[in-house]
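Dear colleague,

I am handing over a structure that I have been going through, and I would be glad if you read these notes with it open beside you. Please take your time over each part.

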Amino acid sequence: MKCDIILAGVGGQGILSIAATIGLAAVEKNLFLKQSEVHGMSQRGGDVQSHLRLSDREIHSDLIPEGSADLIISVEPMEALRYLPWLSPEGWIVTSSLPYVNIPDYPGLEDIMTELNKAGNTIVLDADAIAKDLGSSRSGNMVILGAASSFIALPFESLENAVRQLFKRKGEYIVELNLKALRAGRDAAGRP
Amino acid sequence: MHKQLLLGDEAIAQAALDAGMSGMYAYPGTPSTEIMEYVQASPQAARDNVCRDWSSNEKTAMEAALGMSYAGKRAMVAMKHVGLNVAADAFINSAVTGVNGGLIVVAADDPSMHSSQNEQDSRFYGKFALVPVLEPRNQQEAYDMVFDAFDLSEKYRLPVLLRITTRLAHSRASVGLREPKPRNTQSLPSNPRQFVLLPAIARKQYRALTGLFETLPADGVISGWNRLSKGTGKTGIITCGIAYNYLLENITGHQDDYPVLSVAAYPVDKKMVALLVDSCEKVLVLEEGYPMIEEQLRGLLDRDVKVMGRLDGTVPRDGELNPVIVAKALGLKTTTGKAVPSMVRQRPPSFCKGCSHADMYAALAEAIKEFGPGRVFSDIGCYTLGALPPYNMVNSCVDMGASVTMAIGATDAGLFPAVAVIGDSTFTHSGMTGLLDAVIKDSPVTLIISDNSTTGMTGGQQSQATDRIESICLGLGVSREHLRVIIPLKKNHEENVAVIREEIMHHGLSVVLARRECIQTASRNKKAESAAKNKTKE
Ligand SMILES: Cc1ncc(C[n+]2csc(CCOP(=O)(O)OP(=O)(O)O)c2C)c(N)n1
């Protein structure tokens with residue numbers, strides 16, 4: 001078993017909380033894990049990505065080879081497209097539909113959606129709206145993770161446990177909000 | 001064995017604590033910053049009272065670490081690759097003095113320049129100084145090598161260079177931890193003149209160092225990290241550090257086809273290299289960084305063995321390696337997904353919403369407009385983003401502190417006005433000495449210190465400059481009359497333009513201190529405060 005995931009977004013959007021959740025879940029399941037992150041310059045509103053690799057065998061490269069990612073998880077629609085060269089032909093894209101516009105020449109949203117649909121197996125959802133409905137506008141990331149959960153080679157309960165562990169410090173209320181967001185994302189994606 | 005998910009940086013930090021480190025010194029710099037951040041946040045470090053302070057720059061950090069070593073204790077210093085340029089004087093000489101307590105110098109290189117001005121390869125510094133260099137292939141080795149590095153350092157009385165690159169520094173994996181070792185007690189060097197590099201002493205010690213260096217390749221610990229594996233193929237492969245992982249990514253299952261020498265410690269034993277080269281027709285060298293081993297193999301004449309690598313185009317001459325580059329170098333098939341649609345735009349880093357630097361540049365742009373472009377010397381930090389649209393204001397960014405001194409030279413050449421823009425942490429890192437030069441000549445430079453009271457670019461570490469800038473400037477001799485303080489806010493725009501213009505017009509040195517807290521640190525502090533309040537409520 002191997003599961004190679006590209007996490008994408010814009011610096012400051014907090015893709016690392018998604019990475020941390022998957023990481024904790026992988027540890028619980030005793031899987032091998034490598035997760036390379038971006039720190040530094042591009043965290044100032046630039047494009048950021050993280051390579052996350054899970055396997056039941058030893059993982060060598062910290063970077064995913066092009067053409068072999070099983071999944072792109074993106075918290076921003078244009079950023080999902082930036083990593084298409086890494087996606088395998090059978091791979092899936094799960095992305096938020098909410099654009100993060102901090103550049104003057106940001107493309108039209110319709111054009112982005114057209115490209116996303118052309119790209120292959122894509123799930124687009126308004127994660128922030130779903131999070132807001134739950135009364136937790138900052139849990140959009142967990143909604144996206146929930147929507148992607150069926151493509152990650154981990155039981156959903158492990159992801160739930162990881163959320164509990166990750167947010168424990170912030171109290172029971174925050175843990176519950178994030179668990180709700182995770183489940184809402186899974187339900188919105190409509191996959192078993 | 002207890003296991004923990006750690007970044008390469010964090011593995012080094014935890015290992016140093018477990019290996020009996022008494023003190024760590026550093027100046028932040030991507031991708032090395034998380035080493036000190038981890039030590040500072042570690043309950044183990046707090047319990048054991050491990051010294052863990054940021055220093056003003058890499059040189060002061062290196063020297064403090066050497067001082068701790070002098071007193072017999074284990075010390076570590078960490079920096080990004082260009083930081084080693086700043087620390088180089090102390091570093092090179094520390095090989096001649098030698099050490100007392102174990103001393104590790106961590107240099108984190110940044111091939112592909114994700115967050116740097118260049119991609120220099122710190123392994124050359126190890127060779128230059130004549131000290132052992134360890135270059136871990138993965139997070140576990142990063143952890144384990146720290147123990148060996150301290151032991152080697154104390155065995156040979158030499159500092160040991162631990163070289164990592166961005167991908168290892170910032171990639172997380174599970175690491176098995178050992179039982180912590182006790183820390184050294186204080187003890188003076190047995191030879192009271194060991195650290196006194198007067199020429200007569202230095203000559204003797206340097207000669208001993210050159211002799212010692214020749215023996216290092218045969219050291220069992222050093223050569224033990226380098227692994228030779230036989231293979232049936234006629235192309236031998238030498239990998240350095242994490243390049244080995246990209247090789248394995250491509251040849252797992254067919255390892256028996258490839259004779260491989262996987263290097264992780266230097267100087268490399270010639271006998272090992274000969275064993276590989278003599279059994280092959282060609283040798284492919286895969287190095288994360290400069291073609292160092294490749295050049296050594298080729299030698300000046302480059303005609304004995306057929307060597308492939310960065311110098312003949314088998315591997316790109318610059319930039320970091322990845323699995324695809326290595327596959328191509330091996331002549332293996334590669335895959336790629338769909339192309340990036342042309343509508344996907346570049347998204348360069350930018351000022352945060354509400355950043356004080358942005359308001360400072362808005363005022364500076366207006367104040368300097370009438371003089372035309374080409375007059376703003378800047379430095380390294382978030383404020384360098386003033387080079388990008390819509391400001392397009394920055395004409396130089398070279399090395400920490402160069403804004404002040406390049407402006408001095410330009411005014412000496414007749415450029416007037418000339419403005420230098422520097423951040424608060426960069427100012428105390430390397431700007432103060434240049435300012436003294438400007439004071440003495442009364443150079444017609446306007447120095448804007450854009451003080452956001454933090455080391456912003458690297459994630460908001462404490463800045464040594466906080467609350468000290470006025471007294472530093474006055475102490476260096478800046479005139480009180482031309483030391484102006486402004487608050488970069490939109491509502492103060494007109495006033496700020498006027499102040500900057502007045503000082504630009506002054507035919508002598510002025511300092512404009514533009515001070516407003518970084519909005520990232522401000523919001524983080526606020527969050528921490530309210531969290532603390534909530535805690536007390538509970
Ligand atoms: C010699 C050297 N050390 C460290 C760095 C990494 N570095 C780049 S910018 C920066 C922080 C600058 O802080 P400050 O001057 O306060 O500006 P800010 O980013 O807060 O605007 C650091 C540590 C470097 N580029 N060169």
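What follows is an account of what was found, taken topic by topic.

This is a predicted model, in which local features need pLDDT of at least 70 and side-chain atom pairs count only at pLDDT 80 or more, while totals for chains, interfaces and linings use all residues. Residues are numbered from 1 along each chain as its sequence is written, chains are lettered from A and ligands numbered from 1 in the order in which they are written, and side-chain values use heavy atoms, with hydrogens and water left out.

**Where the chains meet**

In chain B, 44 residues are in contact with 45 residues of chain A, where contact means heavy atoms within 4.5 Å. Together the two chains bury about 3,800 Å², of which 56% is on carbon and sulfur atoms; buried area is the accessible area, taken with a 1.4 Å probe, that two parts lose on being put together, summed over both. Of the area that chain B buries against chain A, 21% is supplied by B:Met343, B:Arg345 and B:Arg347, more than by any other three residues.

There are five salt bridges between chain B and chain A, a salt bridge being a side-chain nitrogen of Lys or Arg within 4 Å of a carboxyl oxygen of Asp or Glu.

**Around the ligand**

Which residues come nearest to the ligand? Of the 26 residues around the ligand, they are B:Glu58, B:His357, B:Thr426, B:Gly456 and B:Met457, and a residue counts as near if one of its heavy atoms lies within 4 Å. An N or O atom in the side chain of B:His357 is 2.6 Å from an oxygen atom of the ligand. For B:Met457, a backbone N or O atom lies 2.9 Å from an oxygen atom of the ligand, and for B:Cys382 a backbone N or O atom likewise lies 2.9 Å from a ligand oxygen.

**A sheet in chain B**

Five strands of chain B form an open sheet in the order 15-16-17-19-18, with parallel pairing. Strand 15 (376-377) and strand 18 (483-486) stand at the edges, each with a single partner strand, so one side of each is left without a neighbour in the sheet. Strand 18 is joined to strand 19 (residues 510-515) by four bridges, and these two strands run parallel; here the bridge partner of B:Ile486 is B:Ala514 in strand 19.

**Backbone details to look at**

The peptide bond from B:Tyr266 to B:Pro267 is cis, with omega near 0°, and the peptide bond from B:Pro389 to B:Pro390 is cis as well, with omega near 5°. B:Leu130 has a positive phi of about 70° although it is not a glycine.

Notes: Polar contact = N/O pair within 3.5 Å; in protein donor to acceptor, adjacent residues only side chain to side chain. Pairing = 2+ DSSP bridges.
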